[in-house]
Amino acid sequence: MEKQAERVPCASGMRTTAAEFVARVTARNRLPLDYSVNSLRVVDFLVDGLRKGGADRDRVREPLLALGAYVGEVLVRRAGAVWVDLDETQRAYFAQPVGVRMPDGRVWNPLGKVLNRFESGTPEESLQTFYLTLHGRTRRRNAA
């Protein structure tokens with residue numbers, strides 16, 4: 001069987017990746033993935049489920065990417081961030097090709113945060129806590 005080419009994420013495709021993930025997951029389940037800050041608790045739960053299911057990181061690469069896209073999209077819709085393709089230095093630092101730039105200019109790595117949650121599973125890596133303690137966010141934005 002031929003191995004599928006690994007997809008490299010780009011900033012322009014992240015909103016679509018998140019939307020497709022939400023459509024796929026909510027079609028089968030009644031998960032409250034509404035791009036709210038509270039929905040990040042659901043993402044914590046989903047990531048923990050992948051880890052507890054014994055999956056290795058390579059086997060769940062696509063779902064983790066989709067969850068990272070969702071987390072980033074929450075930052076875009078709720079905190080005033082924009083998706084950006086990372087430059088060479090940022091790619092080396094974050095080990096990811098895309099991130100989000102906050103209104104104050106700071107760049108954050110939602111894909112990496114999801115991977116950290118998957119690998120550690122500790123409360124300190126909570127994605128909801130990540131949002132709530134995030135520097136550089138606007139006070140509140142309506143969903144776009």
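Helices (H or I, at least four residues) and strands (E, at least two) are taken here as DSSP runs and numbered from the N terminus. The model is a predicted one, in which local features need pLDDT of at least 70 and side-chain atom pairs count only at pLDDT 80 or more, while totals for chains, interfaces and linings use all residues. Residues are numbered from 1 along each chain as its sequence is written, and side-chain values use heavy atoms, with hydrogens and water left out.

The protein has six helices and three strands. Read from the N terminus, its elements follow the order α-α-α-β-α-β-β-α-α. Of the 144 residues, 46% are buried, where buried means under 20% relative accessible area, exposed means over 50%, and partly exposed lies in between (1.4 Å probe, protein chains only). Contact means heavy atoms within 4.5 Å. Among contacts between residues at least 6 apart in sequence, 62% join residues at least 24 apart.

Axes are lines fitted to C-alpha atoms, for helices over the stretch in contact, and angles run from 0 to 180 degrees between N-to-C directions. Strand 2 and strand 3 form a hairpin with five residues between them, and Gly 105 in the turn has a positive phi of about 95°.

The loop between helix 1 and helix 2 contains Leu 33. Leu 33 counts as buried because its relative accessibility is 6%. Leaving out residues up to four places away in sequence, Leu 33 touches Phe 21, Val 22, Val 25, Thr 26, Ser 39, Val 42, Val 43 and Tyr 70. Val 43 is ten residues from Leu 33 along the chain, and their C-alpha atoms are separated by 8.4 Å.

Two packed helices are described by the angle between their axes and the distance between the axes. The axes of helix 3 and helix 5 (residues 110-120) come within 8 Å and cross at roughly 125°. The two helices are therefore oblique to each other: angles under 35 degrees count as roughly parallel, over 145 as roughly antiparallel, 65 to 115 as roughly perpendicular and the rest as oblique. The crossing of helix 3 and helix 5 is right-handed, meaning that the near helix is turned clockwise from the far one by less than a right angle, with anticlockwise for left-handed. Helix 3 contributes Leu 64, Leu 65, Leu 67, Gly 68, Ala 69, Val 71, Gly 72 and Leu 75 to the contact, and helix 5 contributes Pro 110, Leu 111, Val 114, Leu 115 and Phe 118. These residues divide into eleven nonpolar, two polar and no charged; Ala, Val, Leu, Ile, Met, Phe, Trp, Tyr, Cys and Pro count as nonpolar, Asp, Glu, Lys and Arg as charged, and the others, Gly among them, as polar.

Helix 5 also packs with helix 2 (residues 39-52), at an angle of about 50° and with the axes 8 Å apart. Helix 2 and helix 5 are therefore oblique to each other, and their crossing is right-handed. On the helix 2 side are Asp 44, Val 47, Asp 48, Leu 50 and Arg 51, which meet Val 114, Arg 117, Phe 118, Glu 119 and Ser 120 in helix 5. This contact divides into four nonpolar, one polar and five charged residues.

Within helix 5, the buried residues are Pro 110, Leu 111, Gly 112, Val 114, Leu 115, Arg 117 and Phe 118. Arg 117 counts as buried because its relative accessibility is 7%. Leaving aside neighbours within four places in sequence, Arg 117 is in contact with Asp 44, Val 47, Asp 48, Arg 51, Thr 122, Pro 123, Glu 125 and Ser 126. Gly 121, with a positive phi near 70°, follows helix 5.

Technical notes
Pairing = 2+ DSSP bridges.
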